[in-house]
Amino acid sequence: LFIAGMEAVLLNPRYHQALSILKGFRNGAMYGLKVRLPHSLVTTLLFHNGSIKEKLTFILRATLQHSKNLAFFVAMYRSLMWLCKMVWGTTRPYHSFSMAGITGYVVFGENNPVNMQVNLYLLSRITAGFARVLVKKGYIPEPHFKVFPWFAAFVWAMVLCLFEYHPDTLQPSLQSSMNYLYTDSTLWSNVWDFLVYSSSHLW
């Protein structure tokens with residue numbers, strides 16, 4: 001009876017908009033959990049120093065923050081778009097742009113490792129997406145050569161140049177990765193740290 005009553009509410013069109021905000025909050029929390037937990041688990045255990053307790057605390061904090069931020073972003077953005085629709089009767093691209101901008105400022109505006117990683121991830125994706133929109137709309141001609149190799153060349157040229165001469169400008173996690181690949185690989189003192197250990201890192 002209780003389940004039937006809940007389903008009656010869930011399937012009632014009258015409550016659909018409000019419930020979609022709640023479902024968006026739930027999905028944001030779950031997606032943040034699924035994405036961040038395995039990532040933090042692997043990178044922290046492999047590359048972070050400290051006790052097991054400190055590592056587990058870092059993993060749980062990063063996972064909670066990522067999950068919470070995505071949950072609140074989805075809920076707040078949907079709420080603002082619902083408000084726009086109630087006020088103007090419909091929504092336009094500039095509504096989506098401005099409401100997402102406000103929500104991004106509030107939810108992902110704090111400069112911390114999790115927000116930095118999420119924002120940089122999105123920046124790379126929207127840059128590629130925006131280039132495709134320009135081609136799709138006819139603002140720039142579609143290239144008649146392979147673009148991706150030149151894109152790869154530019155990315156790797158820039159990251160190695162920055163790492164070699166301005167490493168302090170790179171994100172700490174990227175610095176750590178680059179150090180492991182290009183600095184630690186020049187250091188060894190015996191067979192053991194040549195084959196098994198690399199600097200302070202196992203593997």
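## Second largest pocket

In this predicted model, the lining of the second largest pocket divides by class into 15 nonpolar, 8 polar and 1 charged residues. The volume of the second largest pocket is about 850 Å³. The pocket is lined by 24 residues, and those closest to its centre are Phe73, Val118, Asn119, Leu122 and Ile126.

Four helices contribute to this lining with at least two residues each: H2, H3, H4 (93-108) and H5.

## Largest pocket

The largest pocket has a volume of about 1,900 Å³. Its lining is made up of 47 residues, of which Leu120, Tyr121, Ser124, Val155 and Leu174 are the closest to the centre. By class, 28 of the lining residues are nonpolar, 15 are polar and 4 are charged.

Which helices each supply at least two residues of the lining of the largest pocket? They are H2 (16-47), H3 (52-88), H5 (113-136), H6 (148-165) and H7 (172-183). The largest share comes from H5, with 13 residues. H2, H3 and H5 each supply at least two residues to the lining of the second largest pocket as well.

## Nonpolar surface patch

H6 and H7 each supply at least two residues of the patch. The most comes from H6, which gives 8 residues. Met158 is found in H6.

Arg61 is located in helix H3. Its relative accessibility is 62%, so Arg61 counts as exposed, a class that requires over 50%. Arg61 and Ser40 are 21 residues apart along the chain, and their C-alpha atoms are separated by 9.8 Å.

Gln117 is part of helix H5. Why does Gln117 count as partly exposed? The reason is its relative accessibility of 27%, a value in between the limits for buried and exposed. From Gln117 to Leu195 there are 78 residues along the chain, with a separation of 31 Å between the C-alpha atoms.

## A residue in a loop

Where is Asn12 placed? Asn12 is in the loop between helix H1 (2-10) and H2. Asn12 has a relative accessible area of 27% and is therefore partly exposed. Asn12 and Tyr139 are 127 residues apart in sequence, and the distance between them in space is 45 Å, C-alpha to C-alpha.

Conventions: Residues numbered from 1 in each chain as written. Predicted model: local features only at pLDDT ≥ 70, side-chain atom pairs only at ≥ 80, totals over all residues. Heavy atoms only, no water. 1 Å grid on protein atoms, 1.4 Å probe; cavity = no way out; pocket = protein on both sides within 12 Å on 5 of 7 lines; lining within 4 Å. Points joined across faces, edges and corners; volume = space filled by probe spheres on them. Nonpolar A, V, L, I, M, F, W, Y, C, P; charged D, E, K, R; others polar. Buried < 20%, exposed > 50% of the residue type's maximum accessible area, 1.4 Å probe, protein only.
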